[in-house]
Amino acid sequence: MAAARAVPLIIGEHRLEDCIGRGTDATIWRATHLVTNQVVVAKVVDARQEARRQRALSEASILASLPASAEGRIIGYYGCEEIPREWVVLFLEYASMGNLASFIHRYGRLD
């Protein structure tokens, strides 16, 4: 059995603080921007499978193409870092009330 690969704790200008969730393709970390101390979310995708890598890069491309105004986004997008053949990391706005699915479950449908 192979040992689990550790995610680097410093990625670009961000420091990963703690894991706050896990999904099928990604692990979600609370992270801090090293220059501004802004708290963000790092969506860390295991990119060893080409299909996962391409999905993550496609998501980053779509998020980057959306208007920068608040009306054009569900959540803020701050950029993407790729560690070749290892990880794709998307940096997103930290939503203190949890993810959208949790919010809808807790408060009901949105208009």
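Me: Why is S4 described as largely enclosed by the rest of the structure?

Reply: This is a predicted model, and the question is one of accessibility. A residue counts as buried when its relative accessible area is under 20%. In S4, six of the eight residues are buried, so the strand is largely enclosed by the rest of the structure.

Me: How many residues of S6 are buried?

Reply: The reading is made in the manner used for S4. Six of the seven residues of S6 are buried, and the strand is mostly covered.

Me: In what order do the strands of the open sheet stand?

Reply: A sheet is read from strand to neighbouring strand, and two strands pair if there are at least two bridges between them. Here six strands form an open sheet in the order S1-S2-S3-S4-S6-S5, and the pairing is antiparallel. Strand S1 (10-11) and strand S5 (77-83) stand at the edges; each has a single partner strand, so one side of each is left without a neighbour in the sheet.

Me: How many bridges join S4 to S6, and which residues are partners there?

Reply: One takes the sense of the pairing, then the number of bridges, then the partners. S4 and S6 pair in the antiparallel sense over seven bridges. Ala42 has Phe91 of S6 as its bridge partner, and Val40 has Glu93 of S6.

Me: How is the pairing of S3 with S4 to be read, and how many residues lie between the two strands?

Reply: S3 and S4 are antiparallel and pair over seven bridges, with Thr27 standing opposite Val44 in S4. The two strands form a hairpin with five residues between them. In its turn, Asn37 has a positive phi of about 65°.

Me: What connects S5 and S6, and how many bridges join them?

Reply: S5 and S6 form a hairpin with three residues between them, and Arg85 in the turn has a positive phi of about 60°. Six bridges join these antiparallel strands. Tyr77 has Leu92 in S6 as its bridge partner, while Glu82 stands opposite Val88 in S6.

Me: Which strands does H1 lie across, and at what angle does it run to S6?

Reply: A helix packed on a sheet is described by the strands it crosses and by an angle. H1 lies across S4, S5 and S6, and runs at about 30° to S6.

Me: Is Leu90 buried or exposed, and which residues does it contact?

Reply: In a regular strand the side chains alternate between the two faces of the sheet. Leu90 belongs to strand S6 and is buried, its relative accessible area being 0%. Apart from neighbours within four places in sequence, its contacts include Ala56, Glu59, Ala60 and Leu63, as well as Val41, Tyr77 and Cys80. The C-alpha atoms of Leu90 and Ala31 are 11 Å apart, although 59 residues separate the two along the chain.

Me: How do His14 and Ile28 count in terms of accessibility?

Reply: Each is placed by its percentage. His14, in strand S2, counts as buried because its relative accessibility is 9%. Beyond four places in sequence, His14 is in contact with residues including Leu9, Thr32, Val40 and Phe91. Ile28, in strand S3, has a relative accessibility of 24% and therefore counts as partly exposed. Among the residues Ile28 touches beyond four places in sequence are Ile20, Val41 and Ala42.

Me: What is the volume of the largest pocket, and which residues are closest to its centre?

Reply: The volume of the largest pocket is about 820 Å³. It is lined by 21 residues, with Ile75, Ala95, Gly98, Asn99 and Leu100 closest to the centre. S2, S4, H1, S6 and H2 each supply at least two lining residues. The lining divides into 13 nonpolar, four polar and four charged residues.

Me: How does the lining of the second largest pocket divide, and which strand supplies the largest share?

Reply: The second largest pocket has a volume of about 180 Å³. Its lining holds five nonpolar, three polar and five charged residues. S3 supplies the largest share, three residues. Of the 13 lining residues, Arg22, Thr27, Val44, Asp46 and Trp87 lie nearest the centre.

Key: Residues are numbered from 1 along each chain as its sequence is written. This is a predicted model: local features need pLDDT of at least 70, side-chain atom pairs count only at pLDDT 80 or more; totals for chains, interfaces and linings use all residues. Side-chain values use heavy atoms; hydrogens and water are left out. Helices (H or I, at least four residues) and strands (E, at least two) are DSSP runs, numbered from the N terminus. Buried means under 20% relative accessible area, exposed over 50%, partly exposed in between (1.4 Å probe, protein chains only). Contact means heavy atoms within 4.5 Å. On a 1 Å grid over the protein atoms alone, a cavity is a set of points where a 1.4 Å probe fits but cannot get out, and a pocket is an open set with protein on both sides within 12 Å along at least five of seven lines; lining residues have an atom within 4 Å of a point. Grid points are joined across faces, edges and corners, and a volume is the space filled by probe spheres set on the points. Ala, Val, Leu, Ile, Met, Phe, Trp, Tyr, Cys and Pro count as nonpolar, Asp, Glu, Lys and Arg as charged, and the others, Gly among them, as polar. Axes are lines fitted to C-alpha atoms, for helices over the stretch in contact, and angles run from 0 to 180 degrees between N-to-C directions.
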